[in-house]
Each structure stands twice: as C-alpha cells, then as structure tokens.
Amino acid sequence: MTYLRNHTILSSSDLDEVRASIKDLASRHDLDVKGPNAEFSARVAALECGDLSLMHVTLGATKLSVASSEEDPDGLLLYMLTSGSGIAHHCGQELTFSTNGGFMRDLAAPVSATEDNFGAYVLRLSKEKLKNHTRSLVGDDVDLMGLSFNTAIDPAGLGWNVFRKTVHYVAEALDGPLRELQNPIVTSQMEDILLTQCLSLLPNSYQDIMNGQDVTQVVPYYIKRARDYIHAHADKKIGLADIAAVAGCGYRGIQRGFLDAYGTTPMAYLRIVRLKRVRAILQSELDGSAIADVAKQWSFTHMGRFAQDYYREFGELPSETVRKYS
C-alpha cells in the first residue's frame with residue numbers, strides 16, 4: 001500500500017538526499033545502510049494538518065542504522081509503524097517495535113536504532129501546542145507543569161489502537177476526499193482530534209487531567225520543602241543554591257527530584273510560578289502601561305524574553321490578557 005499517495009515529496013535511492021528531506025520535515029537523522037551489497041530506496045510523503053506535520057516514510061527492504069542527536073526541547077516525534085521492525089535506544093530504554101506498534105521520541109534527547117524494511121507514519125508534535133490545547137479544554141486553573149510521554153507504547157493497548165486508527169483516518173481523508181476541499185475549518189477539526197486523542201489516549205503526564213481524574217503523585221518530602229519555599233519566596237531573589245539548601249540536598253539531587261515530580265527544573269518551576277503571579281495581577285483591572293512594572297516586581301527584567309515566556313506558558317501575550325480582562 002502506498003500511504004499519502006498524493007503527497008509524495010521524494011522518491012530516491014540517494015542517502016544524502018533522503019537525510020536532507022527528513023531533516024527539513026522532522027529532525028536530523030543520520031541513516032546508514034548495513035551490509036555491503038544492500039540496496040537502498042526511500043519514499044517520503046508529507047502533509048500539513050493545521051499546525052501539525054504528518055509524514056509517511058518508507059526506507060526500502062533493507063536494514064539501516066539510525067542515529068539522531070538532541071535537537072529541539074519543544075519537539076516530539078510519534079512513530080507509527082506500517083511495515084518492518086526495529087530496536088531503538090532512547091531515554092535510557094531499549095524499545096522493540098514492529099508493524100502497528102510505535103514509540104514516542106522526545107527531540108530533547110538523542111536516539112539510536114536499527115531498522116529493517118522500515119515504513120512508518122511520523123507525527124511531529126509540539127509540547128507547547130499540546131500544553132495550550134490541554135489548557136483550552138480543562139481551563140486555566142489547572143496547574144500544568146512539564147509535559148512528558150511514555151517512550152514505549154503498548155501495541156495491544158486500547159488507547160494506542162484507537163489513536164492509530166484515527167491517524168490512518170485523518171491521513172486517508174486529507175489524502176483523498178478532502179484533498180481538493182482545502183477547508184481550514186475541517187483541517188482545524190482534524191488537528192483538534194489528533195491533539196485531544198494524543199493527550200487522552202497515550203500515556204503522558206497530562207492524561208489523568210484530560211480524562212477528568214484526580215492526579216495523585218507521591219512527591220518526596222525534600223522536594224515539597226523546596227516547592228513550598230519557591231511559592232513563599234517567588235517575589236524574592238532566589239537561586240538554585242537557596243532552593244537546594246532548603247531541600248537539604250545537592251544540586252543534582254534537587255534537579256533530578258524536580259524533573260521526576262514536575263517534569264521541569266527548579267528554576268523553570270520558579271519561572272512558571274512567577275508568570276502565574278504576573279498573570280493573576282494582569283487579570284485584574286490594570287492599565288496596560290503597567291505591565292512592565294508588574295513584570296519587574298516578579299524579577300522579569302528583559303521584556304522581550306518575558307513576553308516570549310508568557311506566551312509560551314499561556315498562549316497569549318501579556319497585553320492580550322489585559323485587554324481580555326479590562
């Protein structure tokens with residue numbers, strides 16, 4: 001079967017050409033054919049679904065080694081195999097995948113793999129986009145910290161099978177009957193379906209929130225001390241050394257503890273707490289000219305970076321928040 005038949009952008013036996021094409025669409029992948037007499041033939045197809053990028057890649061009936069370094073801290077690649085098999089090493093795990101299975105790659109971490117007769121849908125996702133989508137569905141009051149997905153995917157899992165069928169449906173619809181329609185409303189609906197199912201059906205740190213369940217997480221006491229200290233002193237000048245001292249552990253311990261509990265570092269957690277304090281003030285009746293003064297009160301001295309961080313966290317600029325609530 002030829003997937004995304006009407007969206008082929010490359011068919012080539014030139015490794016360098018295929019590497020460049022995949023790099024432009026997803027991320028850098030160093031591909032090498034294993035075996036002196038092996039023949040390589042690849043096809044790459046791609047379409048846009050709103051802000052999402054959906055590819056289908058086949059790399060021919062040959063065995064390959066693949067390596068890709070860490071690149072984008074915001075990016076995720078979801079691989080959904082349509083042919084072949086392989087073994088990947090990613091985030092300290094060894095993952096075996098085969099037809100109808102797959103895995104989630106975090107572009108903030110490197111990956112290496114061996115693949116045989118590989119063919120797969122590849123969905124490029126943004127953690128920021130997924131976070132903002134979650135907020136649009138569950139509201140601003142939910143405390144959303146770092147987003148992380150389980151790397152390994154259970155091919156027999158109900159959620160995975162439902163999501164896999166949805167990806168196939170969206171791909172076939174946009175490649176077939178909807179290809180000529182080019183209706184942005186329909187495309188946006190398709191994008192919303194993929195984002196919602198990705199968050200609610202695939203194991204991730206927001207899944208319980210998306211499914212309306214209480215989030216229960218055992219957080220070590222020393223991390224709770226550090227967390228409470230951050231909330232109580234967010235308006236003061238504090239650094240990692242202060243946080244580690246309150247927790248009673250070293251730098252590496254406090255960093256690892258926050259990553260495990262909240263999916264982010266202590267200083268990034270502090271920045272989010274401060275951004276939420278600023279937002280609470282901006283949501284009151286505040287003259288827009290005072291935004292810079294409020295930001296400085298909460299240790300944001302560079303207005304350009306502050307605006308970028310604010311937009312990344314809440315999906316709107318500070319001035320938009322003021323207009324919305326004035």
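A cavity is a set of grid points where a 1.4 Å probe fits but cannot get out. The legends below use the term in that sense, and they describe a predicted model.

**Figure 1. The second largest cavity has a volume of about 30 Å³.** Its lining is made up of M104, F149, N150, A152, I153, L202 and P203. By residue class, six of these are nonpolar, one is polar and none is charged.

**Figure 2. The largest cavity has a volume of about 180 Å³.** Its lining consists of 17 residues. Those that lie nearest the centre of the cavity are H29, V66, Y79, E115 and F118. The lining divides into 14 nonpolar residues, two polar and one charged. Glu is in the charged class, so E115 is the one charged residue of this lining.

Figure 3. Which of them supplies the largest share? That share, six residues, comes from β9.

**Figure 4. Strand β9 pairs with β6 in the antiparallel sense.** The pairing of β6 and β9 extends over 14 bridges. At one position H90 stands opposite V111 of β9. Side chains in a regular strand alternate between the two faces of the sheet.

**Figure 5. Strand β9 also pairs with β4 and with β5.** How many bridges join β4 to β9? There are six, and the two strands run antiparallel. Within this pairing, L54 has L123 as its bridge partner in β9. Strand β5, residues 63-68, is likewise joined to β9 by six bridges and runs antiparallel to it. Here K63 has D116 of β9 as its bridge partner. V66, one of the residues nearest the centre of the largest cavity, falls within the range of β5.

**Figure 6. The chain around these views holds 12 helices and nine strands.** Its C-alpha trace spans about 65 × 50 × 35 Å along the principal axes. Of the 326 residues in the chain, 45% are buried. Among contacts with a separation of 6 or more, 71% are between residues 24 or more positions apart. The chain exposes about 16200 Å², and carbon and sulfur atoms supply 49% of that area.

Definitions and conventions. Residues are numbered from 1 along each chain as its sequence is written. This is a predicted model: local features need pLDDT of at least 70, side-chain atom pairs count only at pLDDT 80 or more; totals for chains, interfaces and linings use all residues. Side-chain values use heavy atoms; hydrogens and water are left out. On a 1 Å grid over the protein atoms alone, a cavity is a set of points where a 1.4 Å probe fits but cannot get out, and a pocket is an open set with protein on both sides within 12 Å along at least five of seven lines; lining residues have an atom within 4 Å of a point. Grid points are joined across faces, edges and corners, and a volume is the space filled by probe spheres set on the points. Helices (H or I, at least four residues) and strands (E, at least two) are DSSP runs, numbered from the N terminus. Buried means under 20% relative accessible area, exposed over 50%, partly exposed in between (1.4 Å probe, protein chains only). Contact means heavy atoms within 4.5 Å. Accessible areas come from the Shrake-Rupley method with a 1.4 Å probe; for residues, only the protein chains shown count as cover. Two strands pair if DSSP finds at least two bridges between them.
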